[in-house]
Amino acid sequence: MPEDAAITLEGVTKHFGDGAPALDGVSLSVRPREFLAVVGASGSGKTTLLRLINRLSEPSAGTLRVGGADVTTLDPIALRRRIGYVFQEVGLFPHMTVAENIAITPRLLGWEKARMAARVDELLGLMRLDGSYRARFPHQLSGGERQRVGVARALAAGPEMVLMDEPFAALDPLTRDALGQDYRALHDALGLTTLMITHDMIEALGLADRIAVLRAGAVIAQGAPAALIDHEHAYVRELMQTPRKLAARVDALLAAKER
Amino acid sequence: MDEALADALARLPDYLGSHVLVSVAALALGLALSFPLALASLRRPVLRALLLAATSIVQTVPGLALLALFYPLLLGAAALSERVLGIGFSALGFLPAVLALALYSMLPVVRNTITGIMTVDPAVRQAAMGVGMTEQQALRMVELPLALPVIMAGVRTASVWVIGTATLSTPIGQTSLGNYIFTGLQTQNWVFVLFGCVAAAVLALLVDQLLALMERGFSARRRGAVAAGAIGLVLTTSLALVPNLMRGNAGYVIGAKPFGEQYILAGLIEDRLRAKGFAAARRDGLGSAVILDALAAGDIDVYVEYSGTIWANQMRRSDVQPRAEILKEVAGWLKGRHGIETMGGLGFENAYALAMKRERAAQLAVRSIADLARHAPALSIAGDYEFFGRPEWKAIRETYGLSFARERQMQAEFMYPAAAAGEVDVISAYTSDGRVAQFGLQVLEDPKQAIPPYDAILLVSPKRASDKAFLDALRPLIDAINVETMREANRRASGGATPEAVARWLAERIGN
């Protein structure tokens, strides 16, 4: 494992009760400024992996490093405050306004009011939401708007790393694509390190620098998108089927139109 | 009708103020206990189960019984504290009422706090941890605000319960809106009963709505609504309390048991003390078991007792002695045991007796309790709530070998009409009660003297036993009322006159 990795997992295993482990000897690393997508079906251990990194959960065995430091030596609260987290079900606080939701981590860190207000405005701008959103409550937003606020909240305290748990899964395709592209642009502009969990290979191909495939708690493949296309593992090839068919179909349509 | 209403209104500042004071204190204590316990139990399943079970069990105890239980408990605690720390406190009235009502209020608050927090969407809780909140911060910033509507619903339920149940604190000596209900029930003053019920209901609804306003304000984050609700609550409380605070400390407290004759006599004593320049207050509706302890402890200063009650209930005597002998022994026992001063008899007896409808007695040829023995297995008897538990009843039964087909307990007011209507054959009556004649009943003779004499006697608390001015003010009442006069007074009261009006009539009649 490279010494300068942002996030490193070495032989990480997680048991819940007596059954098969949710994660079984997972080794993985995310380089600084890299966008890594972890693809897996539901029950493959994706969310568990994410929760271990910011210590919402503790591993049964193995070592996790964030910024080179073993996470068990770090204060979990401080750790979570410096890692952005975008939640699967959005997880906005329903009793707080958009501005309050975005400013939550800065508030926990004890920022001054003026600084928080300026930061909220900046993030609303980055997420393409105008100032009228500040005072709205989550239930007054569309699904796409809510997740934009969710991303803004994750970025509020200026983290170097962002963990995303199927962030766009519940959105319609157009919204999902727009938000994905916007986020990828921010990832590059802000120099973030992103680890995104998804069950959707198309999304992973569209956004990530590198993809790891998780199956039954084990990483069965990782590499650049191109390396996965003809991967030796049948399951990986299976995952690639859908985008390939889709690409072929679109190609055919385009060819037909040109003729 | 108008007189009764005016009388009810005149008492409102006192009753309402005391009611609000005891309710607010009980709720404050209840909330102060419930919230920390509920929060502490959130992550401790065993504690949570115990807490919910305990508060549920408290809730199943009838309100009146819960209130009554606290009196002996506190009496013991007060005696212990007096001995160990040298600090005594009153076990009557405010304290037991507040403690019992506070316990009563806990279930809805505890249950709703726990439910409200535990049903917060787990995804939101996850998010709170994920953004880097500590457990405390997650509770304060996310879980509590989201659970607030449910918690406030619990607080509202608790406050309505407490305000309603506080009416039951009258029998343990805490003045409340229940005074209307208990006095009204005893004197058949239905205006009073209704007035008390309506006043308590209006107060409960008002507080409930103000709390609801605050809750809506919190949820919609309208500071104005929260403030309006809070100001309304503070205003209600202080408006209710001001008259009480202004009146200051009432010097001498007159106790009364919960029936008409006692209210008349307490009114007579009160008027008399006021006329002589004493500050006087009343503790109405004290239960028989509570009132003597209250006098011994100095929670009340004077009340009218009946010699036979002390003889049978307190001294546990079942033999019957001549009137004068019993009076002497009772006075000696009260002095020696409690330091209570017996000033003397008022001049009449209010004994327990068995009574039957005149026609029914003639039909069965029953003139005395001895005659009754033959017929009893086919007859029913009704007694007041105390009667069947009293030693006199045991004595009557054993002396005459009585065994009735059916024993029923009822409110004294309903026994007389029930006997007159033939719904019961025999009732436990009082010899000074005007209703014996009013309902055409006949008091049965007691040839074997199973029932001890019940001279009305004036008792004074130990701490007033050498208060010469006080004793002098009361002395003219000794031997001043004969049984005919008292019967007439009782008849007037059961005929619809207020006890106060009858007390004034009585004072005039005996030339005081």
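Chain A has ten helices and ten strands, where helices (H or I, at least four residues) and strands (E, at least two) are DSSP runs numbered from the N terminus. The model is predicted: local features need pLDDT of at least 70, side-chain atom pairs count only at pLDDT 80 or more, and totals for chains, interfaces and linings use all residues. Residues are numbered from 1 along each chain as its sequence is written, while chains are lettered from A and ligands numbered from 1 in the order in which they are written.

**Exercise 1. Describe the overall dimensions of chain A.**

Step 1. Along the principal axes, the C-alpha atoms of chain A fill a box of roughly 55 × 55 × 35 Å.

Step 2. The radius of gyration, taken over C-alpha atoms, is compared with the globule rule, 2.2 Å times the number of residues to the power 0.38. For the 259 residues of chain A the rule gives 18 Å, and the radius of gyration of 19 Å is close to that, so chain A is as compact as a globular protein of that length.

**Exercise 2. Determine the strand order of the open six-stranded sheet in chain A and identify its edges.**

Step 1. Two strands pair if DSSP finds at least two bridges between them. The order in this sheet of chain A is β6-β7-β8-β3-β9-β10, and the pairing is mixed.

Step 2. In chain A, β6 (83-86) and β10 (218-223) each have a single partner strand, so one side of each is left without a neighbour in the sheet.

Step 3. Neighbouring strands of this sheet are turned by 15° against each other on average, direction ignored. Axes are lines fitted to C-alpha atoms, for helices over the stretch in contact, and angles run from 0 to 180 degrees between N-to-C directions.

Step 4. Within chain A, strand β3 (residues 35-39) and strand β8 (residues 193-198) are parallel and joined by five bridges. A:V39 is placed opposite A:T198 of β8(A).

Step 5. Helix α6 (residues 143-155) of chain A lies across β6 and β7 (161-165) of chain A, at about 165° to β6(A).

**Exercise 3. Find the partners of strand β1 of chain A.**

Step 1. Strand β1 (residues 7-14) of chain A runs antiparallel to strand β4 (residues 61-66) of chain A, with five bridges. A:L9 has A:L64 as its bridge partner in β4(A).

Step 2. Strand β2 (residues 23-30) of chain A also pairs with β1(A) in the antiparallel sense, over five bridges. Here the bridge partner of A:I7 is A:V30.

**Exercise 4. Characterise the contact between the two domains of chain A.**

Step 1. An automatic or database domain assignment supplies the bounds: domain 1 of chain A is 7-82 + 160-258 and domain 2 is 92-158.

Step 2. The centres of these domains of chain A, taken over C-alpha atoms, are separated by 25 Å.

Step 3. Residues are in contact if their C-beta atoms, placed from the backbone, lie within 7 Å. Domain 1 of chain A contributes eleven residues and domain 2 of chain A twelve residues.

Step 4. On the domain 1 side, helix α7 (residues 173-190) of chain A gives the most, with five residues.

**Exercise 5. Examine the contact between chain B and chain A.**

Step 1. The contact joins 14 residues of chain B to 16 residues of chain A.

Step 2. On the chain B side, α5 (122-130) and α6 (135-165) of chain B each supply at least two residues. The largest share, six residues, comes from α5(B).
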